[in-house]
Amino acid sequence: MSKLTVGRRSILKAGAASLFLAGMPVAGFANAKPPGSISVIILEGGMDGLAAMPPIGDPDLMRMRQTITPDNYLALNDFFGLHPSLKFYAQLMASGHASAVHATAFPYTKRSHFEGQNLIEGGGLSPFSEKTGWLGRALDLSGVAGRSLSLDMPLILRGHHENDNFYPASIRGSKKPKADLLNMIAMGHQMDAAQLFTKVARKSEDNVQVPRDPASLAKYAGRAMAQTDGPVASVIRVSEFDSHSNQTENGNTNEGRLARQLSVVDDVIAGYRRGLGEAWDDAIILTLTEFGRTVAVNGTRGTDHGYGSVGLLAGGSLSNSGVITDWPGLGKKDQFEKRDLMATIDYRSVCAACIEKSLGLDHDLIAAKVFQQPELPRIFDHLFT
Amino acid sequence: MNKQFRIAQKTGLMFRDDEMLPEDMNAWIQSQLQVASPALGLASSYADVAQWPDDLQPDLSRRASMWRRYRDLENQSREGKNGQETQAARQANRHENLTGKMDEHKFVQRNVYGADQVKLRITAFWANHFTIGNTFDTSQMIGHAIDEGILAKLNGSFADLLYGMTTHPGMLTYLDNVWSAGERSEQAKGCARRPDCQAGLNDNLGRELLELHTVSVAAGYTEEDIKAAANVLAGWGIDFSEELSQMRKKAGGTDHWNAYKKRWAEPGSKKVMGQSIYAGRNGLRQLTDFLASHDATIHHISTKLCQHFVSDSPNTEEIEAVKIVWRESEGDLQLIHTKVLELAVNNPDAKFIWPMTWLFQVVRLSGATYFKGWEKIHDYDNKLMHTHKVFEELGQSFWSSRQPNGYSDDKDEWMSAEMFERRVRFADAIYRNGNPRQSAKEIMDRIGASNQTRALVASVGPSWRDRFIALMCSPELMGLDYV
């Protein structure tokens, strides 16, 4: 996996120009800043980075992907375009609050969803080597609690015993219990259980109804994280990126399966933005997917499991907008195993930089204790300065 | 709680409101381990309890052919052929050919109506130990693994159970073994010469066989041991989608529970934790037998059994007692289970009850009808949720997608406000919609509820519903310590 290290290769910030660098604040106050928040959007199924952020300047793109490259893309610069579903994200880019890392992946090349999802959440050296997750371990190290927006704790957040689940019940034929009843039940329990029933009673009084769609959950998460004593991390899953077929509509490359899912991602980011309010300034949101997809279109206007993809980042703690990449090219010889987009940046380095920024941990500590990879390259400066 | 219900709570699913209570509980436990296990349930809400019809309990080969049929029609749907692209046709295809929802419904009904409550509790322990998460394709096989891989083998040896579950198509699919090829297998060598062919070792099952199913990390094995175990496993299992003609060619037969693809197997002998394992299909049985009798396995699983049944913090003597029986009987499950149940009965501590088990117990105690009949499984009901949805909301289901380490036996993992809120909500939903035959007072009298529980129930006021909820969410019924 030596090809994945940043090392001597220079990281190129594409998309500088006028569009993204306008009105950018000057960085340099990292030490004075309190730690921020970190949110991960997990894109399950393997997102096609070449469709989400097509390298329109690459001569091989249209040759190989005409039927699945949106023709209505938003031009970020001479080289990269953005899928038209990512409208809000495009605005963030224009205002310096979003970046992307392209041709990137976790070091996993075997193309199994199950292994891949386990690895990107566990963050160990191989799939199934970890029973805790990278974000959970990072939270452990920084001594703060995370929050999982699902009933069961996802692997990525495991590792910290103070993690607090939240997922509103949706039980047909039952009504929200009255706080009085819950408080009486609490009084019948010993300390630890009593506290939990009291918490249920409190929430019952809050009268908060949380919708279940990802965007509204993101808004809710953002609000919670904006509170002084709120959680500093959140994770949201968006599924169905496994676009083996009908990735685009027949005859309309701007619509279809992937377009719908990318709209969800865009809504999630917008939800976070609204929910976070002023806390947006210290927030970082990043996407995570188990692998990218094949460069070539398959027989069913879709793509198969691949390797490199794109990572989308948003949040006020980014001090710059741009596409960070060491572009490998799309020619047959440039592809990984002659079929996939090569990954030239280890996405763990991106995660490590986001942890460093939001939780204020030292990179060497993150590399050794969170990712068990002491030599993991530090790319913090490319994202945050 | 009186003796009958205290023991039934810890080791079983509680006596239904219409069941006779046994006088001699020790004799009852012994007889429970031997009792027949027909899958009982209801055809509709108003029907009598009856045995599930055979045609809703397909065998493996029928499950595989239904799966192939499902895939075939889905492909036609994708290509817009034969009217299969309509929503109605796709739904009909799912209902007719996918078994997961029906299997989960059967599992739930038999847990609510079964007369074999202790066996069902022990089955749940092993189903969790040998977790097969839902990766969609596995949903066709999970129910079969629970019924035929575990429940049918509860009184045999652990070595048989281990071998059976390791080679079950559900496990081989869930942990990717059906696609694994030995490092020097003919398949891997052949593929290396072709550009668009992939074949290689997948150590997913090899790793979990050691770490979760047998010796655990405490045994101190190495990555090399994992790789060697994976190479022993290479060749076992075949993708459920494979046509039978292809399967015959690759595996020499059409038995999915005994499919071994020689071309994918690793040649030569292997060494796992110092033990030489010979080449060929018999190597796996040699490996699982070696692991089954390993002292680290005996310690690991004896501890788990004690934590699941005896106490939230079992002591060393209790764990030792199970280990002694295990060693002396060479892994006779009937004797091991008997010892564990005896310890559970003799230990006066509270034992936290899993959400799934608690829900079964609430329904059984109250005589509610909270699940649809098997004839109505796909029908919308404005009161009763789909069975799969119930357990998804509750936060525990053997048909959910989850990690291979399964649900925790550690009480602390379940202590969260949301999980508690769901207990309250389901107690409420069962009271409102399940038409329980027993009131809180009647249930408390029958089980001999403690004074603390009676005080708690009295404290919530005169509403019968609130009293029902308070009883079901009391420390006594949740298996928590009292005030």
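Which residues of helix 6 of chain A are buried? They are A:W134, A:L135, A:G136, A:R137, A:A138 and A:L139. The legends below cover that helix and other views of this predicted model.

**View 1. Helix 6 of chain A and its cover.** Helix 6 of chain A spans residues 134–142. Its buried residues run from A:W134 and A:L135 through A:G136 and A:R137 to A:A138 and A:L139. Several elements of chain A cover these buried residues, including strand 2 (37–43) and strand 8 (233–238). Helix 11 (347–359) and helix 12 of chain A are also among the covering elements. After helix 6 of chain A comes A:G143. The phi of A:G143 is positive, near 70°.

**View 2. Helix 6 against helix 12 in chain A.** Two packed helices are described by the angle between their axes and the distance between the axes. Helix 6 of chain A packs with helix 12 (residues 363–370) of chain A at an angle of about 130°. Their axes are 10 Å apart. At that angle, helix 6 of chain A is oblique to helix 12 of chain A. The crossing of helix 6 of chain A past helix 12 of chain A is right-handed. On helix 6 of chain A, the contact is made by A:W134, A:R137, A:A138 and A:L141. Helix 12 of chain A contributes A:L365, A:I366, A:K369 and A:V370. By class, the residues of this contact between helix 6 and helix 12 of chain A comprise 6 nonpolar, no polar and 2 charged.

**View 3. Helix 4 against helix 10 in chain A.** Helix 4 (residues 87–94) and helix 10 (residues 257–276) of chain A cross at roughly 55°. Their axes come within 7 Å. Helix 4 of chain A is therefore oblique to helix 10 of chain A. A:K87, A:F88 and A:Y89 make the contact from helix 4 of chain A. Their partners on helix 10 of chain A are A:D266, A:I269 and A:A270. This contact of helix 4 with helix 10 of chain A holds 4 nonpolar residues, no polar and 2 charged.

**View 4. A positive phi at A:K338.** Most residues other than glycine have a negative phi. A:K338 is not a glycine, yet its phi is positive, about 55°. The residue sits in the loop between strand 11 (322–325) and strand 12 (345–346) of chain A. Is A:K338 buried or exposed? A:K338 is exposed, because it has 12 other C-beta atoms within 10 Å, and 12 or fewer counts as exposed.

**View 5. A positive phi at B:N435.** B:N435 has a phi near 50°, a positive value in a residue other than glycine. Its loop joins helix 20 (417–433) and helix 21 (440–447) of chain B. B:N435 counts as partly exposed, with 14 C-beta neighbours inside 10 Å.

**View 6. B:S459 in helix 22 of chain B.** B:S459 lies in helix 22, residues 451–459, of chain B. With 16 other C-beta atoms within 10 Å, B:S459 is partly exposed. B:A470 is 11 residues from B:S459 along the chain. The C-alpha atoms of B:S459 and B:A470 are separated by 9.1 Å.

**View 7. Where chain A meets chain B.** How many residues does each chain give to the contact? Chain A gives 35 residues and chain B gives 41. On the side of chain A that touches chain B, helix 5 (113–122), helix 7 (179–187) and helix 8 (191–206) each supply at least two residues. Helix 8 of chain A gives the most to this side, with 6 residues. The residues on the side of chain A that touches chain B divide into 18 nonpolar, 9 polar and 8 charged.

**View 8. The two chains as context.** Chain A has 13 helices and 12 strands. Of its 385 residues, 54% count as buried. In chain A, residues 24 or more positions apart account for 72% of the contacts with a separation of 6 or more. Chain B has 24 helices and 4 strands. Its radius of gyration is 24 Å, close to the 23 Å that the globule rule gives for 483 residues, so chain B is as compact as a globular protein of that length. Along the principal axes, the C-alpha atoms of chain B fill a box of roughly 80 × 60 × 40 Å. Buried residues make up 50% of the 483 residues in chain B.

Key:
Residues are numbered from 1 along each chain as its sequence is written. Chains are lettered from A and ligands numbered from 1 in the order in which they are written. This is a predicted model: local features need pLDDT of at least 70, side-chain atom pairs count only at pLDDT 80 or more; totals for chains, interfaces and linings use all residues. Two residues are in contact if their C-beta atoms, placed from the backbone, lie within 7 Å. Ala, Val, Leu, Ile, Met, Phe, Trp, Tyr, Cys and Pro count as nonpolar, Asp, Glu, Lys and Arg as charged, and the others, Gly among them, as polar. The radius of gyration is taken over C-alpha atoms; the globule rule is 2.2 Å times the number of residues to the power 0.38. A residue is buried if 20 or more other C-beta atoms lie within 10 Å of its own, exposed if 12 or fewer, and partly exposed in between; C-beta atoms are placed from the backbone. Axes are lines fitted to C-alpha atoms, for helices over the stretch in contact, and angles run from 0 to 180 degrees between N-to-C directions. Angles under 35 degrees count as roughly parallel, over 145 as roughly antiparallel, 65 to 115 as roughly perpendicular and the rest as oblique. A crossing is left-handed if the near helix is turned anticlockwise from the far one by less than a right angle, and right-handed if clockwise.
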